[in-house]
Amino acid sequence: MITPVRVGLVGYGFGGRYFHAPLIASAQDCEFLGVVTTSPERRAQVARDLDRPTYASLEELARAGAEAVAISTPAATHVTLAQEALKLGLAVVCDKPFALDAESARETAQLADRLGVPLTVYQNRRWDSDFRTLRRLIDQGRLGTLTRFESRFERFEPEPGPPAAGGGTLLDFGSHLVDQALVLSGPVERVYAQMHHRDGEGTLDDDVFVALTHHSGVQSHLWGSWRQGAPGPRFRAAGTSGTYLVDGMDGQEALLLAGTSPASEGDRWGVEPEDRWGQVLRGAHAEPVPSVRGAWDLFYPAFAAAVRGAGAVPVDPWDAVATATVLDAARASARSGRTVRLP
């Protein structure tokens, strides 16, 4: 146990309410101070949900004794708020997308380095059950050498489509898809992408495909959609001696939306039932693979340890800069119809 880190939350929309507040409150190494919001409706919601105070600004939160802050606001505000918090000396968890472009992401990471203040990005999908299972299979050599990674965030919600707060499908879903691909297979040398805008250019993209060629030789094919009536498998990861196939999304989001948390579920948190396990396939032979426990609950304890100088931040912000660089290239490729080479 470390001395709990005093953490505040900025924003109490969908992400703040469901993806951050319960996990901060469940982390024994964090003391959840309250929420920064100026919305009367949000303030009332915080009072009902959390019985914690609200604050009008980051400065007010800092004066209340905060040491750290989680930023879960519309994507276009992330950089401004993260930089403001860093200048106040607050360690920062910034929700994804970290920034709207790689230049802004780089400037924010450089600021954190210069000030010596911890900064991390909430890439919680690194702790999904299916992704942790895939990484274990690769580490154990059960797939041989990975050759192609197919990954999908697909749903059928054409109306109203992607919420404006997320910045569009490429930024919102793509931040997770690309981050996972980079974790698995390393830096990218070529990017090709296609994007669909429901109401024409200038509106939010609602369907994207991104193909990455990694320096390692692995091909990553990534799909994100709000208008896919027949979603494909979550992962199909093909190696030289087998393929891991899994359908459906990790169950932790559903648990949070149902009002449960790691604090209420204990050892049951993140455990996937057998009917949701994936399989390793080798031709006609299919072998069920028990899913590794989903572990979003590990993020905030790791962040608190980093704030106390007892470890690295759970996600290096420069990883998010690399993801933003790939997303910039994907946007350029979709506009030009050409493959974009990265340095």
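Predicted model: local features only at pLDDT ≥ 70, side-chain atom pairs only at ≥ 80, totals over all residues.
The chain passes from E4 through H4 to E5 in a β-α-β crossover that is right-handed. E5 also pairs with E6, again in the parallel sense and over four bridges, with Leu119 of E6 as the bridge partner of Val92. The chain crosses from E5 through H5 to E6, and this β-α-β crossover too is right-handed.

## The sheet as a whole

The open sheet to which E5 belongs is formed by six strands in the order E3-E2-E1-E4-E5-E6, and the pairing is parallel. Its edge strands are E3, covering residues 54-55, and E6, covering residues 119-122, each of which pairs on one side only. In general, the strands of a sheet pair through backbone hydrogen bonds, in either a parallel or an antiparallel manner.

Elsewhere in the sheet, strand E1 (residues 5-10) runs parallel to strand E2 (residues 30-36) and is joined to E2 by six bridges. One of the residue pairs in this part of the sheet is formed by Leu9 and its bridge partner in E2, Val35.

## Helices against the sheet

Which strands does helix H4 touch as it packs on the sheet? Helix H4, made up of residues 78-87, touches E1, strand E4 (68-71), strand E5 (91-95) and E6, and the direction of H4 makes about 170° with that of E5. Helix H10, residues 299-307, lies across E1, E2, E4, E5 and E6, and runs at about 150° to E5.

Helix H4 is mostly covered, with seven of its 10 residues buried; these are His78, Val79, Leu81, Ala82, Gln83, Ala85 and Leu86. The buried residues of H4 pack against strands E1, E4, E5 and E6, and also against helix H3 (58-63) and helix H5 (102-115). H4 is followed by Gly89, whose phi is positive, near 85°.

## Nonpolar cores

The largest nonpolar core holds 59 residues, of which Leu58, Val69, Val92 and Tyr300 touch the most other members. Leaving aside its neighbours within four places in sequence, Val69 is in contact with Val7, Gly8, Val10, Leu58, Leu61, Ala85, Leu90, Ala91, Val92 and Val93.

## Salt bridges

A search of the whole structure finds 21 salt bridges. One of them joins the side chains of Glu67 and Arg308, at 2.8 Å from N to O. Because Glu67 lies in the loop between H3 and E4, whereas Arg308 lies in the loop between H10 and helix H11 (317-336), this pair ties together parts that are 241 residues apart in sequence. Arg308 counts as partly exposed, at 31% relative accessibility.

The side chains of Asp319 and Arg126 also meet in a salt bridge, at 3.1 Å from N to O. Asp319 lies in helix H11 and Arg126 in the loop between E6 and helix H6 (129-139), so the pair ties together parts that are 193 residues apart in sequence. Are these two partners buried or partly exposed? Asp319 is partly exposed, with a relative accessible area of 32%, whereas Arg126 is buried, with a relative accessible area of 12%.

Technical notes
Residues numbered from 1 in each chain as written. Heavy atoms only, no water. Pairing = 2+ DSSP bridges. Helix = DSSP H or I, 4+ residues; strand = E, 2+ residues; numbered from the N terminus. Contact = heavy atoms within 4.5 Å. Axes fitted to C-alpha atoms, helices over the stretch in contact; angles between N-to-C directions. Buried < 20%, exposed > 50% of the residue type's maximum accessible area, 1.4 Å probe, protein only. Salt bridge = Lys/Arg side-chain N within 4 Å of Asp/Glu carboxyl O. Right-handed = clockwise from strand over helix to strand, strands pointing away. Core = buried A, V, L, I, M, F, W, Y, C linked by side-chain atoms within 4.5 Å.
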